[in-house]
Amino acid sequence: MGSPSPADQVSRRAQVLAGHLRGLQTSTEPSLSPSPCLQYSPPELASPPPDFNLSDMRKLMDGHNLQDRDWLFGLMIQSKLFNPRVAGGRVFVSPDYSQSMEQQREMTMKRIHYLLDCGVFQEWLTGRGPEVEMRKFALHEVIGMYDHSLAVKLGVHYFLWGGAIQFFGTKRHHDKWLRDTENYVIKGCFAMTELGHGSNVRGIETVTTYDSKTGEFVINSPCESAQKYWIGGAANHATHTIVFSQLNINGKSEGVHAFIAQIRDTDGNICPNVRVADCGHKIGLNGVDNGRIWFDNVRIPRENLLNSVADVSPDGQYLSAIKDPDQRFAAFLAPLTSGRVTIASSAVYSSKMSLAIAIRYSLTRRAFSLTPNQPEVLLLDYPSHQRRLLPLLAKTYAMSFAANYLKMIYVKRTPESNKTIHVVSSAFKAILTWHNMRTLQECREACGGQGLKTENRIGHMKGEYDVQSTFEGDNNVLMQQVSKALLAEYIAVQKRNRPFKGLGLEHLNKSCPDVPSQLTSSTLRSSQFQTDIFCLRERDLLIRFAAEISQLQAQGLSREYALLQSYQLAEDLGRAFSDRAILQTFLDAEAAVSSGPLKSVLSLLRSMHVLIILEEDASFLRYGYLSPDNAAAIRKEVTILCSELRPHALALVSSFGIPDAFLSPIAFNWIDANSWSSVQP
């Protein structure tokens, strides 16, 4: 049969159209009518009353210093310096990011002086003991929830500059510098990173020599790539800096050492032979004056060498009890550990902020009706929306327990625990900051267009926190360090024929765990299964990694080149170690809770945390720890867990203990906050 003619096609279309029109005229279906204006309904009306105690959950999550946290929240909310504004009948506080870079820096300094006058920084450097350090961590976390610039500026001064003097210095340095640093009389910065070297600290190019005739060190930037770069506080405010430099004594390089150098006088003038330039506008943290520093044969007293690890005698002899250059270099990286601890912890609180805002919004914002003339559906009642946010909520709970554990082992550190702290802080810093950036992005998208508004915080926080993935150690490099440490431990155990001890690797002393061939719902939610499969992955990847390195070395490659070639296994192993260690912190927190509703919801969160990792990490299928059928069972179980966590969502974010003023208008009555009256003078 041939194709219909153009005339036939026109006739056919006319008949179809006429039929449609006749159908509309005789239809008995109810017609669609405009729905009444939307009314805001609080999230509490879309959620059952919590069946666990919110205060108990907050104690478990924050872990310490709740009263100190709430005291600082109050100080910030009540002060005009923290930019209070009214929206929807509520007061919110957050920085005015529409200000110029210069104005934001000025406001950061004003806020620091206000907090100083209120006694916030008391004993931050002159106090001693775990209680003092935990209070410092708690208050720093609260400051970061308000403004990451403010937290970073203080972190550089107290944790890096002050921490370097504490760790690298001796009594003469402590007596001279710590109290004035704590009282912000001296404003310090930390000059380690250079234009040409970031993660590779050992390769920095700044050179310091010793002049025995004058008893002075001479610091020099010999080339442009040796300029100190991204130095927080250097552009405008810092009076002094810790300079990391190669130390050259009598023509021999003794490696990287730390020195105190003055870069400004008390009037703010740049010191002779020092050049400072601004790093300029950034995608975030514009309240921090990042700068660049060049040293043109700057002379400093011999006493300004931080000499806890090594010293130089008046006549120019190099002295150190640590003869191994590698061990000496490792000792100089100690302050970075405290930096990683604070970064990991602040990343968790950023995730909490974004989830609290996004989940509250999803319990009040509706979209689309499933049937005509029926109310639109709440965002969080869509299974797809639950799957976007609730797994991230569960993982944030896990990350919170991990951060608390990291802080605790740090404040209780001993010389014997330094290796563990280095490995755990490197792993957790990477995992927690990656999680934070993913959470911020998902929460931004889950809030739709409202997520783009700076006043709603989440979108802007992405730019503010993005730097965490690379400063104080690039995350990918840190994960390589974790894997190298695990490999070294494995080789040592094999050589000495002794059991594993430390880093949580004791499970390798036992027989290899078995994973059932068929995974039921009860098995998937079992803490034993969850522990077993994480331990199985870590064990197998460590053995594979060691075997691959050995094989490459047998082919003639150096150990260093073999490690480079095995980067994919190294990354998988680093994540396996981190996931197993984080799960253990969750189990420990859960074990401290008596049976009841709180323990039950923690069990749901733990299962969600583990199963979403099993679903998303390809290594479980790649290396055969899960079959495709079991992977499908896990995917189904995650959906079920989402529906079970949905009634608890509001209570879980309320347990974060974040004051309403620290959230944003879309977390509350976003209709009133955007009403016409809100724009009237």
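This briefing describes selected helices, loops, cavities and annotated regions of one protein structure.

The structure is a predicted model, in which local features need pLDDT of at least 70 and side-chain atom pairs count only at pLDDT 80 or more, while totals for chains, interfaces and linings use all residues. Residues are numbered from 1 along each chain as its sequence is written, and side-chain values use heavy atoms, with hydrogens and water left out. Helices (H or I, at least four residues) and strands (E, at least two) are DSSP runs, numbered from the N terminus.

**Annotated regions**

- UniProt positions are given in the numbering used here, with shortened feature names, and the annotations may be inferred rather than shown by experiment.
- An unreviewed UniProt entry gives residues 336-487 the annotation "domain: Acyl-CoA oxidase C-alpha1". This span is 70% helix and 3% strand, and its end C-alpha atoms lie 22 Å apart.
- The unreviewed entry also places "domain: Acyl-CoA oxidase C-terminal" at residues 531-663. Here the chain is 78% helix and 0% strand, with 36 Å between the end C-alpha atoms.
- The feature "active site" is placed at E472 by UniProt, again from an unreviewed entry.

**Helix α13 and its ends**

- Helix α13 covers residues 475-496, which makes 22 residues. From first C-alpha to last it reaches 32 Å, close to the 32 Å expected at 1.5 Å a residue. The expected span is 1.5 Å times one less than the number of residues.
- Among the buried residues of α13 are N475, L478, E489 and Y490. Buried means under 20% relative accessible area, exposed means over 50%, and partly exposed lies in between (1.4 Å probe, protein chains only).
- D474 caps the N-terminal end of α13, with a side-chain oxygen 2.8 Å from the backbone nitrogen of N476.
- After α13 comes N497, whose phi is positive, near 50 degrees.

**Two loop residues with positive phi**

- Most residues other than glycine have a negative phi.
- R457 is not a glycine, yet its phi is positive, at about 75 degrees. R457 sits in the loop between α11 (418-446) and α12. With a relative accessible area of 5%, R457 is buried.
- E472 is likewise not a glycine and has a positive phi of about 60 degrees. The loop between α12 and α13 holds E472. E472 has a relative accessible area of 16% and is buried.

**Cavities**

- Rolling a probe the size of a water molecule over the atoms shows where empty space is left.
- On a 1 Å grid over the protein atoms alone, a cavity is a set of points where a 1.4 Å probe fits but cannot get out, and lining residues have an atom within 4 Å of a point. Grid points are joined across faces, edges and corners, and a volume is the space filled by probe spheres set on the points.
- The structure holds four cavities of 30 Å³ or more. The largest cavity contains about 110 Å³ of space.
- This largest cavity is lined by 16 residues, of which Y97, Y146, R457, M461 and Y465 are the closest to its centre.
- Two or more lining residues come from each of α5 (130-146), α9 (334-362) and α12 (458-465). The most come from α12, which gives four.
- The lining of the largest cavity has seven nonpolar, six polar and three charged residues. In this count, Ala, Val, Leu, Ile, Met, Phe, Trp, Tyr, Cys and Pro are nonpolar, Asp, Glu, Lys and Arg are charged, and the others, Gly among them, are polar.

**Helix α17**

- Helix α17 (residues 567-591) has 25 residues and reaches 36 Å from first C-alpha to last, close to the 36 Å expected at 1.5 Å a residue.
- Because 18 of its 25 residues are buried, α17 is largely enclosed by the rest of the structure.

**Residue pairs along the chain and in space**

- S55 is in helix α2 and is partly exposed, at 45% relative accessible area. S55 and G657 are 602 residues apart in sequence, but 8.2 Å apart in space from C-alpha to C-alpha.
- H64 is in the loop between α2 (54-62) and α3 (66-78), and counts as buried at 10% relative accessibility.
- T181 belongs to helix α7 (residues 171-182) and is buried at 0% relative accessibility. T181 and T266 are 85 residues apart along the chain, and their C-alpha atoms are separated by 14 Å.

Terms used:
A polar contact is a pair of N or O atoms within 3.5 Å; within protein, one must be able to donate a hydrogen and the other to accept it, and residues adjacent in sequence count only if both atoms are side-chain atoms. On a 1 Å grid over the protein atoms alone, a cavity is a set of points where a 1.4 Å probe fits but cannot get out, and a pocket is an open set with protein on both sides within 12 Å along at least five of seven lines; lining residues have an atom within 4 Å of a point.
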